[in-house]
2 protein chains.
Amino acid sequence: MEDEKVNTVAGEEVKMQDGGNEVKEEKKKEKKEKKENPKNAKKAERQLARQMEAAAVKEVDDPLAANYGEIELQTLQSAAQSGRKWTKVSQLDQELKGQAVLVRGRVHAVRSKGKMAFLVVRESGYTVQCLASVAENVISKQMLKFISVLNKESIVDVEGEVSVPPGEIAGTSQQVEIQIRKVYCVSKSLASLPLTLEDAARSELDFEKAEKGGKQYARVGQDTRLNNRVLDLRTPANQAIFRVQSHVSMFFREFLISEDFIELHTPKLMAGASEGGASVFTLDYKGQPACLAQSPQLHKQMGICADFGRVFEIGPVFRAENSFTHRHLCEFTGLDLEMEIKEHYFEVIDLLDKLFVYIFDGLNEKCKKELEAINQQYPFEPLKYHKETLRLTFDEGVQLLKEAGIIVDPMADFNTETEKKLGQLVKDKYDTDFYVLHRYPLTIRPFYTMPCADDPRYSNSFDVFIRGEEIISGAQRVHDVLLLTKRATECGIDVTSLSAYIDSFRYGVVPHGGLGVGLERVVMLFCALGNIRKTSLFPRDPQRLAP
Amino acid sequence: MEDEKVNTVAGEEVKMQDGGNEVKEEKKKEKKEKKENPKNAKKAERQLARQMEAAAVKEVDDPLAANYGEIELQTLQSAAQSGRKWTKVSQLDQELKGQAVLVRGRVHAVRSKGKMAFLVVRESGYTVQCLASVAENVISKQMLKFISVLNKESIVDVEGEVSVPPGEIAGTSQQVEIQIRKVYCVSKSLASLPLTLEDAARSELDFEKAEKGGKQYARVGQDTRLNNRVLDLRTPANQAIFRVQSHVSMFFREFLISEDFIELHTPKLMAGASEGGASVFTLDYKGQPACLAQSPQLHKQMGICADFGRVFEIGPVFRAENSFTHRHLCEFTGLDLEMEIKEHYFEVIDLLDKLFVYIFDGLNEKCKKELEAINQQYPFEPLKYHKETLRLTFDEGVQLLKEAGIIVDPMADFNTETEKKLGQLVKDKYDTDFYVLHRYPLTIRPFYTMPCADDPRYSNSFDVFIRGEEIISGAQRVHDVLLLTKRATECGIDVTSLSAYIDSFRYGVVPHGGLGVGLERVVMLFCALGNIRKTSLFPRDPQRLAP
């Protein structure tokens with residue numbers, strides 16, 4: 001009995017594909033989902049029953065039948081161009097009052113009540129309420145039924161007139177309504193969703209409020225989100241996170257290009273072991289052993305040897321690390337730059353200072369809506385930073401910790417906990433979430449880091465912190481072949497595997513320095529999101545290679 | 001005897017590194033190079049002899065000794081910040097006449113004549129002539145000697161006064177000179193270069209002229225260039241090529257962001273076989289079989305399923321193909337976009353039309369200098385394109401060929417030669433180097449391509465050509481799960497390996513389309529450079545994985 005229903009409904013979709021296997025596959029999928037999610041399955045069953053009913057009702061001749069229904073796939077295969085004007089949901093405002101509009105969006109919510117149906121349509125995180133009430137020659141009973149049984153997340157085209165109701169409209173982003181004239185389903189969602197958008201979009205505050213009211217909401221776990229990432233990404237907060245991320249890269253490039261940098265694209269496939277170390281993905285390249293670049297470090301420096309003067313790159317970075325932390329990924333987006341320095345590595349810090357203030361100012365000015373959307377679900381304190389960024393030496397950091405009773409090895413790297421603590425101490429003393437720590441001990445930096453002129457135990461290097469977590473690492477590089485070879489050997493690196501890199505320095509090279517930033521970390525820490533998987537579109541960690 | 005000389009000279013460099021092994025390594029390297037390049041070796045020997053002499057001369061007390069010499073590495077390790085002002089070679093013009101300037105650049109050429117030395121300094125492809133003539137309290141004999149034995153490609157700091165000689169200065173880009181007051185060597189190049197910049201920068205016209213004059217220049221082969229890419233990249237043409245490339249990406253992004261696109265970063269590490277086919281690099285991902293994305297195709301479409309509406313990406317694309325052609329690489333930079341379409345795949349073509357006209361206009365307006373530099377070495381006809389791009393169907397293409405006496409299978413893809421021929425026919429008939437061919441036979445397009453509504457033997461797809469070569473491929477995509485599964489199966493693709501992708505379409509998706517462009521191809525074809533290795537910074541082909 002139930003199977004028959006599925007057949008009938010799915011059958012409508014399949015008409016033009018004359019496929020039997022596909023229907024079976026579709027059914028299998030639905031069955032599997034029901035098993036996995038019994039609550040949703042029950043809902044889905046009820047939904048199917050209503051759809052059956054709607055289909056049956058449509059059999060009765062309806063003079064308004066042309067005003068609603070499912071659009072056949074063939075029509076969507078670029079059958080024709082009508083020249084009709086489309087309006088975005090985000091553009092719907094009171095200025096459009098009385099005008100006819102055509103929107104395409106998702107069924108965010110739908111309910112019917114007597115002769116009325118309320119359909120909330122969502123597009124890119126923005127929502128608008130659309131209304132249909134049965135009226136002769138306008139909305140038929142059958143049309144109302146059609147609307148009321150639409151599956152959530154389906155794509156619909158709605159035509160109608162914009163109206164402005166008195167008072168605020170609760171629960172939608174747009175403060176106008178659409179009086180429906182026509183509704184068509186463009187793409188049908190499965191009735192049973194692995195997660196609902198309402199659940200996925202709730203904040204901690206929502207949960208608290210509900211609990212006080214004796215209600216309990218379903219929590220959507222990280223893995224469920226990531227397994228169904230294309231659904232999870234549809235929440236207003238996620239829509240905003242990736243718009244913010246897109247802006248960060250834009251600001252990064254905009255600023256650097258205004259400072260005379262050029263954008264390079266360095267190879268990700270490399271002979272040898274990249275920068276050395278164990279955390280490298282290896283592969284066979286036409287019979288040669290190869291690896292994936294752990295950063296554009298070597299090639300961006302070779303860009304300096306090639307006279308490009310100031311270079312940057314935005315691209316993927318691969319780390320085969322086994323780190324299961326909130327801040328590590330096996331693949332992330334690196335923002336890298338490298339530049340000639342005339343005299344001092346402070347020239348690089350001067351640049352990064354201006355660069356990041358430009359990015360932060362840009363986000364605060366141009367992403368207000370997005371930051372607000374993120375704040376709605378994941379409340380955070382705005383980032384504190386100054387027009388001129390605080391610079392402390394590593395030793396001054398050690399001293400600050402000591403004053404607070406925390407004794408650390410002055411020649412060893414801080415652990416994450418110590419970094420957090422130092423971030424707090426700096427914030428208390430200097431009122432900033434963003435600062436530079438420089439002059440690190442040489443032994444804890446990569447082989448290509450330039451030692452200090454006055455004390456070879458230290459190096460011309462720096463890290464930059466946001467909210468007590470490292471986001472940027474940089475330094476002056478060793479440009480002298482002999483010292484470079486010596487340092488690589490001291491660090492236990494096989495210099496023959498680096499010969500292409502080292503040879504680049506034999507034909508004259510300007511002193512230079514640079515830095516690398518993780519894009520996902522910048523967004524995570526600017527918005528205090530707590531987990532880098534929230535700011536990676538399709539995250540890759542030691543256990544996740546899909547979707 | 002010869003070895004001793006090497007020791008003495010290299011010894012100066014090594015002072016602060018107290019390394020014996022490094023010197024030996026350096027010597028080995030020089031010896032090896034001599035073997036490889038006997039002509040250069042002889043030159044290098046003479047150079048060494050002169051340097052010895054200069055070193056000996058310096059022993060004699062010179063009251064002007066502070067005005068020249070090699071800067072110790074320690075000083076270059078960020079020893080101090082002087083606050084001095086630096087001028088770029090490209091900024092040197094007549095307005096600076098009489099002013100003291102400080103520049104850093106490479107020794108491009110050097111010669112001495114009696115009491116005069118001429119030093120041409122090059123920075124980012126721009127050159128300026130610097131003069132020193134012996135005069136009491138200004139330039140000593142020893143200083144002149146020091147200048148005259150500087151190795152080409154070494155980095156030097158020059159301080160002096162800008163002067164404007166009467167008449168044109170032949171052989172340098174800047175039309176002013178610097179009267180040298182101080183010269184320091186910052187980084188010394190090996191005396192023997194695997195290729196000279198003069199040779200690497202010569203045009204075919206230079207060769208022809210020389211031949212007529214009975215001279216013969218050395219030709220620098222492609223492999224020598226690529227093996228020594230950091231040297232090769234220093235030519236004015238190469239400096240310009242990668243500045244043009246940087247602009248192409250900028251224009252691409254600028255335009256798309258103004259059209260409401262957002263930039264995504266999709267994973268390059270994927271489970272399964274990406275889009276299928278043999279040309280995929282595989283690797284082990286923490287015990288799971290993985291591969292490198294052959295394009296962002298699947299994930300950018302998933303970005304559409306995730307409601308981002310209009311997305312683009314600039315990133316590396318990996319193809320394990322065995323193609324040894326002038327237009328294939330194993331790794332290149334993909335410019336990809338994907339967008340919701342309301343009704344027709346022409347919406348994508350409309351966008352690409354405006355996008356590429358924007359890019360071409362931008363290059364012609366903002367890269368005049370760069371295009372001129374490329375033209376100097378590799379002369380090319382400016383690209384012919386119209387404000388509205390010509391669109392022909394594949395069938396019309398077949399017809400054009402037929403009219404010209406070329407009979408091709410109307411359901412098979414054109415080969416490179418036929419494409420070239422068609423490009424010529426189109427140019428003759430429509431006066432354009434840039435056009436769109438659309439409505440390709442379905443069987444020669446990927447499984448995710450939407451069939452035509454009116455004839456399923458054809459598809460809603462297109463290629464775009466510059467000078468008769470394909471640079472863009474795009475289409476409306478199949479957004480319907482059943483049809484998608486059917487098409488993948490028909491194309492022999494294991495749908496289980498695509499489950500993450502296919503599942504993304506189960507929860508409603510807007511009709512959409514997009515395209516992919518190869519950045520290196522755009523630059524190669526805009527400038528008619530004839531080989532994609534010229535427009536890839538560090539090219540990767542089936543036999544090249546380094547540098």
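A cut-off to keep handy: a residue is buried under 20% relative accessible area, exposed over 50%, and partly exposed in between. Keep in mind, too, that this is a predicted model.

**Stop 1**

Select A:Asp431, in the loop between α15 (416-430) and β14 (434-438) of chain A. Its relative accessibility is 34%, so A:Asp431 counts as partly exposed. Now check the backbone: phi of A:Asp431 is near 55°, a positive value in a residue other than glycine. As background, most residues other than glycine have a negative phi.

Go on to A:Arg439, which sits in the loop between β14 and β15 (461-466) of chain A. Here phi is also positive, near 60°.

**Stop 2**

Of the 547 residues in chain A, 60% count as buried. The accessible surface of the chain is about 22,200 Å², and carbon and sulfur atoms account for 50% of that.

**Stop 3: α18 and the end of chain A**

Select residues 519-526 of chain A, which make up helix α18. How many of the residues of this helix are buried? Eight of the eight, so α18(A) is largely enclosed by the rest of the structure. Among the buried residues are A:Glu520 and A:Arg521, along with A:Met524 and A:Phe526.

Step past the helix to A:Ala528, where phi is positive, near 50°. Then carry on to A:Pro547, in the segment after α18 of chain A. The peptide bond joining A:Ala546 and A:Pro547 is cis, with omega about 0°. Over in chain B, a cis peptide bond joins B:Ala546 and B:Pro547, again with omega about 0°.

**Stop 4: α10 against α18 in chain B**

Show α10 (residues 236-258) and α18 (residues 519-526) of chain B: they pack at an angle of about 120°, with their axes 10 Å apart. That angle makes α10(B) oblique to α18(B). The crossing is right-handed.

From α10(B) come B:Ile241, B:Val244, B:Gln245, B:Val248 and B:Ser249; from α18(B) come B:Leu519, B:Glu520, B:Val522 and B:Val523. By class, this contact has six nonpolar, two polar and one charged residue.

**Stop 5: α14 against α15 in chain B**

Next, pick α14 (residues 394-403) and α15 (residues 416-430) of chain B, which pack at about 85° with axes 10 Å apart. These two helices are therefore roughly perpendicular to each other. B:Gly397, B:Leu400 and B:Leu401 are on the α14(B) side, and their partners in α15(B) include B:Leu422, B:Leu425 and B:Tyr430. The contact of α14(B) with α15(B) counts six nonpolar, two polar and two charged residues.

**Stop 6: B:Asn322**

Last, select B:Asn322, in the loop between β11 (310-318) and β12 (331-340) of chain B. At 57% relative accessibility, B:Asn322 counts as exposed. What is B:Asn322 in contact with, leaving aside its neighbours within four places in sequence? A:Lys286, in the other chain, and B:Pro542. Try the distance tool on B:Asn322 and B:Pro542: they are 220 residues apart in sequence, and 5.9 Å apart from C-alpha to C-alpha.

Terms used
Residues are numbered from 1 along each chain as its sequence is written. Chains are lettered from A and ligands numbered from 1 in the order in which they are written. This is a predicted model: local features need pLDDT of at least 70, side-chain atom pairs count only at pLDDT 80 or more; totals for chains, interfaces and linings use all residues. Side-chain values use heavy atoms; hydrogens and water are left out. Buried means under 20% relative accessible area, exposed over 50%, partly exposed in between (1.4 Å probe, protein chains only). Accessible areas come from the Shrake-Rupley method with a 1.4 Å probe; for residues, only the protein chains shown count as cover. Axes are lines fitted to C-alpha atoms, for helices over the stretch in contact, and angles run from 0 to 180 degrees between N-to-C directions. Helices (H or I, at least four residues) and strands (E, at least two) are DSSP runs, numbered from the N terminus. Angles under 35 degrees count as roughly parallel, over 145 as roughly antiparallel, 65 to 115 as roughly perpendicular and the rest as oblique. A crossing is left-handed if the near helix is turned anticlockwise from the far one by less than a right angle, and right-handed if clockwise. Contact means heavy atoms within 4.5 Å. Ala, Val, Leu, Ile, Met, Phe, Trp, Tyr, Cys and Pro count as nonpolar, Asp, Glu, Lys and Arg as charged, and the others, Gly among them, as polar.
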